[in-house]
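Welcome, and take a moment to look at the chain before reading on. The report below walks through its elements, its charged pairs and a few single residues.

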Amino acid sequence: MGRGRVQLKRIENKISRQVTFSKRRTGLLKKAHEISVLCDADVALIVFSTKGKLFEYSTHSRSSSVL
């Protein structure tokens, strides 16, 4: 048995919303890193918080090939 489907809607509680943002941001950054390593892909991720704070992740190709 899997988890039930969560209805996507804005979290009204400010503290819960911030905690969820922080956890999901960490998960996104981890997934971006994983896909860059596993697939040797160039990845860029930009996330802005509600206060306007910037969180970023980027990679570049490990093999230097010129097109």
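## A walk through the fold

Ser49 lies in the loop between strand 1 and strand 2 (helices, H or I with at least four residues, and strands, E with at least two, are DSSP runs numbered from the N terminus). Ser49 counts as buried because its relative accessible area is 14%; buried means under 20% relative accessible area, exposed over 50%, and partly exposed in between, with a 1.4 Å probe and protein chains only. Leaving aside residues up to four places away in sequence, Ser49 touches Phe21 and Phe55, where a contact means heavy atoms within 4.5 Å.

Before going further, please keep in mind that this is a predicted model, in which local features need pLDDT of at least 70, side-chain atom pairs count only at pLDDT 80 or more, and totals for chains, interfaces and linings use all residues. Residues are numbered from 1 along each chain as its sequence is written, and side-chain values use heavy atoms, with hydrogens and water left out.

Now for the overall plan. The protein has 1 helix and 2 strands, arranged along the sequence in the pattern α-β-β. It has 67 residues, of which 13% count as buried. Among contacts with a separation of 6 or more, 25% come from residues 24 or more positions apart. The accessible surface is about 6,500 Å², and 58% of this belongs to carbon and sulfur atoms; such areas come from the Shrake-Rupley method with a 1.4 Å probe, and for residues only the protein chains shown count as cover.

Helix 1 takes in residues 14–39, and its 26 residues should span 38 Å at 1.5 Å a residue; the end C-alpha atoms are 37 Å apart, which agrees. The expected span is 1.5 Å times one less than the number of residues. At the start of this helix, a side-chain oxygen of Asn13 comes to within 2.9 Å of the backbone nitrogen of Ile15. Which residues of helix 1 are buried? They are Arg25, Ala32 and Ser36, and their cover includes strand 1 (44–48) and strand 2 (54–58).

Just after helix 1 comes Asp40, in the loop between helix 1 and strand 1. Asp40 has a positive phi of about 50 degrees although it is not a glycine. Most residues other than glycine have a negative phi. Asp40 counts as partly exposed because its relative accessibility is 39%.

Turning to charge, there are 2 salt bridges, each a side-chain nitrogen of Lys or Arg within 4 Å of a carboxyl oxygen of Asp or Glu. Side chains of opposite charge can pair when their charged atoms come close.

| Salt bridge | N to O distance |
|---|---|
| Arg10 and Glu12 | 3.4 Å |
| Lys31 and Glu34 | 3.8 Å |

Arg10 and Glu12 are both exposed. Lys31 and Glu34 both sit in helix 1, 3 residues apart, about one turn of the helix. Lys31 is exposed, with a relative accessible area of 57%, while Glu34 is partly exposed at 28%.

Finally, a nonpolar patch on the surface is formed by Ile46, Phe48 and Leu54, with about 330 Å² of accessible area together. Patches are made of residues with over 30% relative accessible area and no salt bridge, joining like charges within 9 Å and nonpolar side chains (Val, Leu, Ile, Met, Phe, Trp, Tyr) within 5 Å. Phe48 belongs to strand 1. Is Phe48 buried or exposed? Phe48 is exposed, because its relative accessible area is 55%.

Conventions. A polar contact is a pair of N or O atoms within 3.5 Å; within protein, one must be able to donate a hydrogen and the other to accept it, and residues adjacent in sequence count only if both atoms are side-chain atoms.
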